[in-house]
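This report is meant to be read with the coordinates at hand.

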Amino acid sequence: MLVYLDNSATTKVRDEVLKEIIDAHENYYGNPSSLHRMGHKVEKKIDEARTLSAKLIGAKPEEIYFTGGGTESNNIAIFGHLSNLKEYNNVITTNIEHPSVYNVFKQLEDRCLVKYLETDENGKINIDELHNMVDENTLLISIMHVNNEIGAVQELNEITAIIKRKNKNAKLHVDAVQSYGKIKIDVNKTPLDTLSFSSHKIHGPKGVGGLFIRSGIKITPLIYGGGQERGIRSGTENTTGIIGFGKACKLMYDNFDEEVNKLYGLKNTYIKRLEEIEDIKINSPIDGAPHIISVSFKNVPGEVLVHYLEDKNIFVSTGSACSSKSKDSRILEAIKLSKEYRAGTIRISLGHFNNFEEVDYVIDNIKKSVKDIRSITKRG
Amino acid sequence: MYNIAAVSFGELFLKGKNRGKFEQKLIEQIKYALKEFNHVSVYKDSGKVYVETKNEEDMDKIVEKVRKIFGISNISPSVKTSKDVDIIIEKTIELFRYLLSKEDIKTFKIKTKRSDKEFPLKSMDFSALVGGKILENFSFVKVDVHTPDVEVFIDIKKCCYISSERIKTLGGLPLGSNGKALLLLSGGIDSPVAGYMIAKRGVEIDALYFHTYPFTSERANEKVIKLKQKLEEYCGKIKLYSVNMLEIHKAIREFCKEEETTILARRFMMRIAEKIALENKIDMLITGESLGQVASQTMKSMAVIEDAINMPILKPLVGLDKSEIIEIAREIDTYETSILPYDDCCSVFAPQHPLINPKLESIKRSESNLNVEELIEKVLSTLEIL
């Protein structure tokens, strides 16, 4: 049995998506910028994909811009909001962002004041702290919807309400790479300004991402060229990838409740079964995302457990590295997980292809491996 | 410009009667090193080996490959011609023009060596003739027989070879001229360098790698394979054995003192290495130890580790500083691979305070808590050839 439980890292492309991609390579290989019919045909296909990806967040198709992936979307959005950044401005983010946001803000420290919101043990930011941080000089707030390591979900409605009340000109960017297609987002009800998402986290191909930019919001591009994607992302579109992504969006949209309920069911089952093991800690909050389970085992180096499980064809990821040379997880530190647990953290992340039949096999092997590893790491 | 490379052998003359055998071996190695090139032929012509190519643009790459073979003292990129006097002169002028395009030449010298005594002109006379033609064609250069800017060498054998440059090589002795040794290859900086140094003295190398999967990652294996491949450019084909030490580490952890872990594990590694070496008719082991570098490489530690076996252990880096080792590692291009982050041993098995003055008696006492033979058999069942 092969059990892939690293869906937050990336997912397997669904068969229907693969078929669509092959069809695109065979029949829709023109350049959408070409004036002839071959180009026009592809342009129409891309616009269909735009409509399908917009639906998942209730956006208008023209508010969606395709990019090369989540990291690119985040960079375009953040730098794009800040073309008029002055030294007296400030920008705000959280200390649990994905590197594609966090490291951008680290860069910004040279140019203005950067403020970082802390999180509680559940990975939630403090709304009062946000309220105190936003002032008349705040230009941008960037907050991730779902954290990739523990699955904590931020309350976007509360957050937007506070920001708009304190400074109606401040912009809000949401990194929704982990929540897109898994948690309902409606940009009509949540007045965020930009939102990023990625194809390969929802069983689409790699190398495709998207950025929602609300009508009327001005984003200065990072890359200049042929003016594709209405100037926001120049460069010939990854047409076949985008067409495949559109299919992945449709599959998600058409069965949204069913898919998500299955993920929640699996997640709860895994958590219940993991709790049978001694000296563990579930780091994912109860109200977290449907597909992410972060669990820590005392006296078990996470990396070693990953290798034990890979030996049984079970694939999970670590939350933290075993070697003292590597850096500890910033996120696990942020949620104040104690050191003895931090080193023993793995992340189980679920996707469309997972099922309940796998649970026993996975849990049995986790139990066996943890017991084995502990017998080695415990002295005397 | 160049269509052939003349390869001279190094210390081969030391080897008397075996010379022919080693020459043959070197030719095979040259062929192996150049297997990716098309239209290359390798042959002998009185005392030297020649590598001929139909693609002149490959010559730089060919020289770079051949340069790494031990037992060669220098290589000269050359122009091969027939022994027709006019053609030799024409080609020499052509070569001279090429040399002028690359460097500033004011003085030159022509040197001829005539192994073929049937060639109509004597060496000195022929040099004078060709030199005169050069002066006719390039009025701005002069002859200087003592310290010329460039010396053009015309070697008249079965064919004629014209060259001007001697590229220094690594020296050493041809591989296989000195038996075979087993290198304890970790993913670190030192052991590949140690293997290189011993191979340079004509020793063929097999390698042995210890890991503790699943306490280490598969990427660590990949890293060692990469190091092996880098070494193979110098050492020829290397057989790489791997052994999983996990069972031994488990036993040490359970029955022995933590601070003794490294010494005990190293003693096991030596025993396993000796066993594999004996089974494969290998005479010595090689380690990358450098005196005092880490706890297991103090005088006392080395003595206690060595005590475990009878086979001699070559330690070519024993007197080198880390910086000197790194310099060689960079030269042989193993350094960048060695510093990749994947360890061959998990920090779980590294003691907080390793012994630096181990006592043989107490180490032996600890070992008596373990079934040494059984453990060795157990881990040898994980033996793989990577």
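The complex is a predicted model, to which the predictor assigns an ipTM of 0.73 and a pTM of 0.83. For chain B the mean pLDDT is 90, with 97% of the residues reaching 70 or more.

| Element of chain B | Residues | Mean pLDDT |
|---|---|---|
| helix α1 (lowest) | 19–33 | 85 |
| strand β13 (highest) | 284–286 | 97 |

Chain B is divided into domain 1 (1–81), domain 2 (83–158) and domain 3 (180–385). Between domain 2 of chain B and domain 3 of chain B, the C-alpha centres are 55 Å apart.

In chain A, the helix pair to examine consists of α1 (residues 15–27) and α7 (residues 239–254), whose axes come within 8 Å and cross at roughly 150°. Because angles over 145 degrees count as roughly antiparallel, this crossing makes α1(A) roughly antiparallel to α7(A). The crossing of α1(A) and α7(A) is, moreover, right-handed. On the side of α1(A), the contact is made by Glu16(A), Val17(A), Glu20(A), Ile21(A), Ala24(A) and His25(A), while α7(A) contributes Thr239(A), Thr240(A), Ile243(A), Gly244(A), Lys247(A), Ala248(A) and Leu251(A). By residue class, the contact of α1(A) with α7(A) comprises six nonpolar, four polar and three charged residues.

How values were computed
Residues are numbered from 1 along each chain as its sequence is written. Chains are lettered from A and ligands numbered from 1 in the order in which they are written. This is a predicted model: local features need pLDDT of at least 70, side-chain atom pairs count only at pLDDT 80 or more; totals for chains, interfaces and linings use all residues. Domain bounds come from an automatic or database domain assignment. pLDDT is the predictor's confidence in each residue, from 0 to 100. Helices (H or I, at least four residues) and strands (E, at least two) are DSSP runs, numbered from the N terminus. Axes are lines fitted to C-alpha atoms, for helices over the stretch in contact, and angles run from 0 to 180 degrees between N-to-C directions. Angles under 35 degrees count as roughly parallel, over 145 as roughly antiparallel, 65 to 115 as roughly perpendicular and the rest as oblique. A crossing is left-handed if the near helix is turned anticlockwise from the far one by less than a right angle, and right-handed if clockwise. Two residues are in contact if their C-beta atoms, placed from the backbone, lie within 7 Å. Ala, Val, Leu, Ile, Met, Phe, Trp, Tyr, Cys and Pro count as nonpolar, Asp, Glu, Lys and Arg as charged, and the others, Gly among them, as polar.
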